[in-house]
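Please look through the sequence and the model shown here before reading on. The report that follows describes the build of one chain and then its contact with another.

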Amino acid sequence: MRNVEVSDNDLIVSFIKGDESGLKVLIDRHQRKIFTSIMLLVKDRDMAEDIFQETFIKVINTLRSGNYQEEGKFLPWVLRIAHNMVIDQFRRGKRMPMVRDTDEYSVMDSIKLTDENIEDQIVTSQIHDMVRKLVDFLPDDQREVVILRHYADMSFKDIAEQTGVSINTSLGRMRYALINMRKLIKEKQLVLVR
Amino acid sequence: MDSNITNEKLILYIYNETDLLDSVLIQKEIDENPEVECEFENIKASLKLLDSALTRPSMESVNKIMRFAAQSLS
């Protein structure tokens, strides 16, 4: 089954009919956006791994029970589940950990381009780490819009509905997030190009 | 920026959330107004940077999910 040719909806139907590979392709296709969104919200790799698993358990249960009604919008639907899981986690009293300079990420992070040499992989990994920290530095409302729009592929209209603000406010937050990121890069004199 | 095209509109345009008429007007402004073009490129560069933060879950997490899926199907 080739990722590029099969729609999310066809993969869902195939999984519901009993073909596990449909789910595997969906995970392969969307795992980076989903996991990065969770990671940026909880700022802790272990907690993000747990929430990622719990999210997909809920996805599987919903699909298997025949209650999935979000045709064509699989990624935003999964992200909404993940987002709610993060909020639940927070409500259960598990504090969101602060990002530490010593945070380490899985070796898998740097294996995305197999033709890169070790030096390139290290640079890629460092850039990727710095960008995550830049996003962490943003005020909560701006970080939320960045995550929901850029990683979760939600439209500004959907973000506005989910967060209870107007579209203009969501757009304004995105605009300020980008301005703040550029300001931070300048202030910290970060070099983020290869 | 000496233009009616705000940064918010440019952001909507980059994310393909403008209608056809707005898209044509915005692209025309980008082509003809160097200030708008510069802002457009800055926003695009910042958004591209965000892609560098993408990361994957561990294989262990994916395997656990697939084991759960197999059980749910059996």
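From the N terminus on, the elements of chain B run α-α-α-α, that is, 4 helices and 0 strands, where helices (H or I, at least four residues) and strands (E, at least two) are DSSP runs numbered from the N terminus. This is a predicted model, in which local features need pLDDT of at least 70 and side-chain atom pairs count only at pLDDT 80 or more, while totals for chains, interfaces and linings use all residues. Residues are numbered from 1 along each chain as its sequence is written, and chains are lettered from A and ligands numbered from 1 in the order in which they are written.

Chain B has a radius of gyration of 21 Å, whereas a compact globule of 74 residues would have one near 11 Å; the radius is taken over C-alpha atoms, and the globule rule is 2.2 Å times the number of residues to the power 0.38. Along its principal axes, the C-alpha trace of chain B spans about 60 × 25 × 15 Å.

The contact between the chains takes residues from both sides, as the table shows.

| Chain | Residues in the contact |
|---|---|
| chain A | 39 residues |
| chain B | 29 residues |

Two residues are in contact if their C-beta atoms, placed from the backbone, lie within 7 Å. On the side of chain A that touches chain B, the elements that give two or more residues are α2 (20-42), α3 (45-64), α5 (118-137), α6 (140-151) and α8 (167-187) of chain A, and α2(A) gives the most, with 9 residues.
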